Amino acid sequence: MDNLSRRRLLSLGAALGLAGVAGPGQAWASTGSVAGAAAGTGPEWIWDDLADPLMVRMLDNGHVPAINAAWGSWVNNNDPLPSGLPAEFATYLGKVNKLPSWADQTKLTRAADFNRRRDTYLFMLYGLGSGIMSTVIPREARSVYWSAGGADMQDRAAKTFTFGYDLSELGAFKPTGQFVVTANKTRVVHAAVRHLLPQSPGWRAAADETIPISAADILVTFHSLGTYVHSKLLEWRIPYSTADQEAFLHSWQVAVHLLGVPDEHIPQTWSAALAQSKQVLTPILTPTDEGIALAEDLLGLTAQIDLGVTRGFLNEFVRYVLSDEVGNWLGLKRDYAAAALVRTAWPAFILFREGLSPVMPGTFYMMDQLVRGLAMLFLNKGGSGTTTPITIPTGNRAA
């Protein structure tokens, strides 16, 4: 289905009260985009004209199991395309499996080094911040819950985490890195889900859209990850140079491009990203039945690592990095002793790690082990941290 047909379909859905958009068109003003030019169609009406029709054919013709079997060995950016792929699918990958012409390797290299230096904070913010925030983004929560991955949240979380992990790896965008392949696999999975989810009665009954994962939805997810982390690093006063900030943003710009978002809608500066986030992410945050269930699953997973950290501590850390309002939406039980610990121990932990305090807090070891435990939990279910297999679904969550 082309974008014109989709726009007509969604216009009908909106008229019937079945579909909504992420925000007003002006919220996506793109004069501050990496393309540096005004956009035409807003990203709420853009999906993926390359990958979507391809995956309809792959699914309808039963090719997905063969693709999943064939591309398991396709991991590094410089790996040759595996044999056994349908010719049409291999041709598509050959076209998209590359960096955009505007990618700056100097910035990408600096971003990788920055991620290495700040991995402690990134693990916590991506895992307990962005991960839980996703459960109060209604469209994202419903899409995850009703998709096949929603039925196995540890596997789903591992695959989501590997996207951020591969992005953060040293050399992520170099030939021996893995992120370009990871992003292109993820793009194909999104295309498959766009075809499958509208067939789910549960999703159709809950959703306010007729086709999931628009370019606007991907940008909202970017803001819940990159823009959110950027803001928190500034709020926590982590040493964060202008060059590091620009490099971190550039890595995300390339990532969003690889997911199929048109360049004219990708923010060019953090100022533009923050303005966009305030318009299209902050106002839509709200609880849903699906999101509450997913949050409970995710926090239940993190409790597996134990390390002497109680569920009350995890609940309070989520409240600390997101807000009490979000915690209340998700029904996270209060633990006021843990709340006091988080609000004193975490800032002290940061000061010591950054060399801004000579006094190692008594909770340093616990905090450090918590970060490591979270990282391993989500990297291939606590197994190998080398890679997490990404597979294309062939169905939805059972009703």
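Modeller: Glu290 is buried, its relative accessible area being 10%, and in this predicted model Glu290 forms a salt bridge with Arg142, with 3.8 Å between the closest N and O atoms. That pairing links distant parts of the chain, since Glu290 belongs to helix 14 (residues 289-302) and Arg142 to helix 7, 148 residues apart.

Helix 7 (residues 138-146) also holds Arg139, whose side chain meets that of Asp208 in a salt bridge at 2.9 Å, N to O. Because Asp208 sits in the loop between helix 10 (201-206) and helix 11 (215-235), this pair ties together parts that are 69 residues apart in sequence. Of the two partners, Arg139 counts as buried at 14% relative accessibility, whereas Asp208, at 32%, counts as partly exposed.

A salt bridge within one helix joins Arg116 and Asp113, whose side chains meet at 2.6 Å, N to O; the two residues stand three apart in helix 5 (residues 105-117), which means that about one helical turn separates them. Arg116 is partly exposed, with 44% relative accessibility, and Asp113 is likewise partly exposed, with 27%. Both residues belong to one network, in which salt bridges that share partners join Arg110, Asp113, Arg116, Arg117 and Asp244. For the model as a whole, the count comes to 17 salt bridges, where a side-chain nitrogen of Lys or Arg has to lie within 4 Å of a carboxyl oxygen of Asp or Glu.

Definitions and conventions. Residues are numbered from 1 along each chain as its sequence is written. This is a predicted model: local features need pLDDT of at least 70, side-chain atom pairs count only at pLDDT 80 or more; totals for chains, interfaces and linings use all residues. Side-chain values use heavy atoms; hydrogens and water are left out. Helices (H or I, at least four residues) and strands (E, at least two) are DSSP runs, numbered from the N terminus. Buried means under 20% relative accessible area, exposed over 50%, partly exposed in between (1.4 Å probe, protein chains only).
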